[in-house]
Amino acid sequence: MKYKRILLKLSGEALQGASKSTNINPDVLEQYCAEIKALQQEKVEIAIVIGGGNIFRGGQAEALGIDRVQGDYMGMLATVINAMALQSALERHGVYTRLMSGIKMEQVCEPFIRRRAIRHLEKGRIVIFGAGIGNPYFTTDSTASLRAVEVQADVVLKGTRVDGVYTKDPEKFPDATRYTKLSFQEAYEKNLNIMDMTAFTLCMENNLPIIVFDMNKKGNLLKVVKGEEAGTLIS
Ligand code: UDP
């Protein structure tokens, strides 16, 4: 394995599956668990951040007459719902997990304590970070970068529904081509939308590589962690 400790960022929206008929699609959850378990069996230490966009995003708040900050907290709580679903599905597969939250909610999860998170990882438990960083005006991408730096992960793996970073939006432009590798500087200069600026800068300043890859393709996660070419590496 090229990477020994990883931080996997999953989007909340992806949990809906292609049909989007439900907020949490059990087939998507199953597929994610199988991929993650395969990785754990290879003794890779795994931390996960999952988004909340399938349930609520802070950006939606104002249109609903809800205060922005309140909306952001609602978004953070949404990530906890997804994290709990993922935790439960992983444990059904016999995988040990811990859910750590950026907002204290003792009845459902542990508070985030950096040293404890590292200890869980060393013991082979999958650590899911819920509730973002616990502050409004941030995203789960920023959470992924920050937690990855804090627990000294080797890489941030951004699982998406496209297989990497393209010259332009591949869903709109058929002539778009995929980058296999990029430097942080190139990605910045070309204004490629890999993560929000806060998240991106944190990775760049800490020399923490990011890999954008297609999480829906079977076996891809393992491939990426082995260091095989699948997606786009930003380093
Ligand atoms: N959020 C926040 N602080 C954080 C993490 C998340 O305020 O540290 C809120 C923010 O409103 C965001 C929402 O939680 O819109 C859901 O997270 P995100 O949109 O990043 O989820 P994704 O789009 O990846 O599903």
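Me: Two strands pair if DSSP finds at least two bridges between them. With that in mind, what joins β8 to β9 in this structure?

Reply: This is a predicted model, and in it three bridges join β8 to β9. The cut-off is at least two bridges, so β8 and β9 count as paired. The two strands run antiparallel, and Val212 stands opposite Thr232 in β9.

Me: How do you know that β6 and β8 are paired, and which way do they run?

Reply: Here five bridges join the strands, and pairing needs at least two, so β6 and β8 count as a pair. They run parallel, with Val156 standing opposite Ile210 in β8.

Me: What joins β7 to strand β9?

Reply: Two bridges join β7 to β9 (residues 232-234). The definition asks for at least two, so β7 and β9 meet it and count as paired. These strands run parallel, and Leu182 stands opposite Ile234 in β9.

Me: What is the order of the strands in the open sheet, and what makes β4 and β7 stand at the edges?

Reply: The nine strands run in the order β4-β3-β5-β2-β1-β6-β8-β9-β7, with mixed pairing. β4 (110-111) and β7 (181-182) each have a single partner strand, so one side of each has no neighbour in the sheet.

Me: What makes β8 largely enclosed by the rest of the structure?

Reply: Four of the five residues of β8 are buried, and that is why the strand is described as largely enclosed. A residue counts as buried if 20 or more other C-beta atoms lie within 10 Å of its own.

Me: Why is Asn191 called exposed, and what is its phi?

Reply: Asn191 has 6 C-beta neighbours inside 10 Å, and exposed means 12 or fewer, so Asn191 falls in the exposed class. The residue lies in the loop between α5 (184-189) and α6 (197-205). Its phi is positive, about 55°, although Asn191 is not a glycine. Most residues other than glycine have a negative phi.

Me: How do you know that Asn207 is exposed?

Reply: There are 9 other C-beta atoms within 10 Å of Asn207, and the limit for exposed is 12 or fewer, so Asn207 is exposed. Asn207 lies in the loop between α6 and β8, with a positive phi near 50°.

Me: What makes helix α4 largely enclosed, and what do its buried residues pack against?

Reply: Nine of the eleven residues of α4 (residues 140-150) are buried, so the rest of the structure largely encloses the helix. Among the buried residues are Thr140, Asp141, Leu146 and Arg147. They pack against β1 (5-10), β2 (45-50), α2, β5 (126-130), β6 (155-160) and α6. Just after α4, Gln152 takes a positive phi of about 55°.

Me: How do the axes of α1 and α2 cross, and why are these helices called what they are called?

Reply: The axes of α1 (residues 26-41) and α2 (residues 68-92) cross at roughly 60° and come within 9 Å. Roughly parallel needs an angle under 35 degrees and roughly perpendicular starts at 65, so α1 and α2 are oblique to each other. The crossing is right-handed. Leu29, Glu30, Tyr32, Cys33 and Ile36 of α1 make the contact with Ala85, Leu86, Ala89 and Leu90 of α2.

Definitions and conventions: Residues numbered from 1 in each chain as written. Predicted model: local features only at pLDDT ≥ 70, side-chain atom pairs only at ≥ 80, totals over all residues. Axes fitted to C-alpha atoms, helices over the stretch in contact; angles between N-to-C directions. Parallel < 35°, antiparallel > 145°, perpendicular 65-115°, else oblique. Left-handed = near helix turned anticlockwise from the far one by under 90°. Contact = placed C-beta atoms within 7 Å.
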